[in-house]
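Here's a quick tour of one model, starting with a helix and a pocket and ending with a loop. Have the viewer open as you read.

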Amino acid sequence: MKAPSNITLNKEKTLLTVTFDDKEYPLTTEYLRTHSPSAEVVGHGPRQETLQIGKENVTITRIEPTGNYAIILFFSDGHDSGIYSWEHLYNLATEYDIRWQNYLTRLKDAGHSHSQH
């Protein structure tokens, strides 16, 4: 998987735009935070993921490259254990609509509201 050609964080630190093959994918920090590849979010096996709630106002405080294959995103809520490989970022970017809708459905099913419901 090749690296994105550009990664840009907006001045409000709420939107990370990742460019793959000359196509820009704007990803909200809430989406990136709730889809972190960390064990805290994903768990250690199938169906062990933890639903992330209350992340609507989270921002990215720092971006740190990890080798030439990934970045670590540091979030305002203290989360910093997810290593976002280029492949994971690409999948998040290209599967945004379905992943985001699934997240909103899981929130609703768990009895939580979201401003986008």
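## Ground rules

Helices are DSSP runs of H or I with at least four residues, strands are runs of E with at least two, and both are numbered from the N terminus. This is a predicted model, so to speak: local features need pLDDT of at least 70, side-chain atom pairs count only at pLDDT 80 or more, and totals for chains, interfaces and linings use all residues. Residues are numbered from 1 along each chain as its sequence is written, and side-chain values use heavy atoms, with hydrogens and water left out.

## Helix α4

Let's start with α4, which covers residues 96-109, 14 residues in total. From first C-alpha to last, α4 reaches 20 Å, close to the 20 Å expected at 1.5 Å a residue (that is, 1.5 Å times one less than the number of residues).

Which residues of α4 are buried? They are Trp 100, Tyr 103, Leu 104 and Leu 107, where buried means under 20% relative accessible area, exposed means over 50%, and partly exposed is in between (1.4 Å probe, protein chains only). Seen down the axis of α4, the buried residues fall within an arc of 95°, so they line one face of the helix; the arc is taken from the directions from the helix axis to the C-beta atoms. That buried set packs against α1 (29-34), with contact meaning heavy atoms within 4.5 Å. On the other side of α4, Ile 98 and Asp 109 are exposed. Just after the helix, Gly 111 takes a positive phi of about 90°.

## The largest pocket

A pocket here is an open set of points on a 1 Å grid over the protein atoms alone, with protein on both sides within 12 Å along at least five of seven lines; lining residues have an atom within 4 Å of a point. The largest pocket has a volume of about 250 Å³.

Its lining includes His 35, Glu 49, His 88, Arg 99, Tyr 103 and Arg 106. Elements giving two or more residues to that lining are α2 (39-42), α3 (86-94) and α4, and the largest share, 4 residues, comes from α4.

Most residues other than glycine have a negative phi. Asp 21 isn't a glycine, yet has a positive phi of about 50°. Asp 22 also has a positive phi, near 65°. Asp 21 sits in the loop between β2 (15-20) and β3 (23-28), and Asp 22 is in the loop between β2 and β3. Asp 21 is exposed, with a relative accessible area of 55%, and Asp 22 is exposed at 76%.

Notes: On a 1 Å grid over the protein atoms alone, a cavity is a set of points where a 1.4 Å probe fits but cannot get out, and a pocket is an open set with protein on both sides within 12 Å along at least five of seven lines; lining residues have an atom within 4 Å of a point. Grid points are joined across faces, edges and corners, and a volume is the space filled by probe spheres set on the points.
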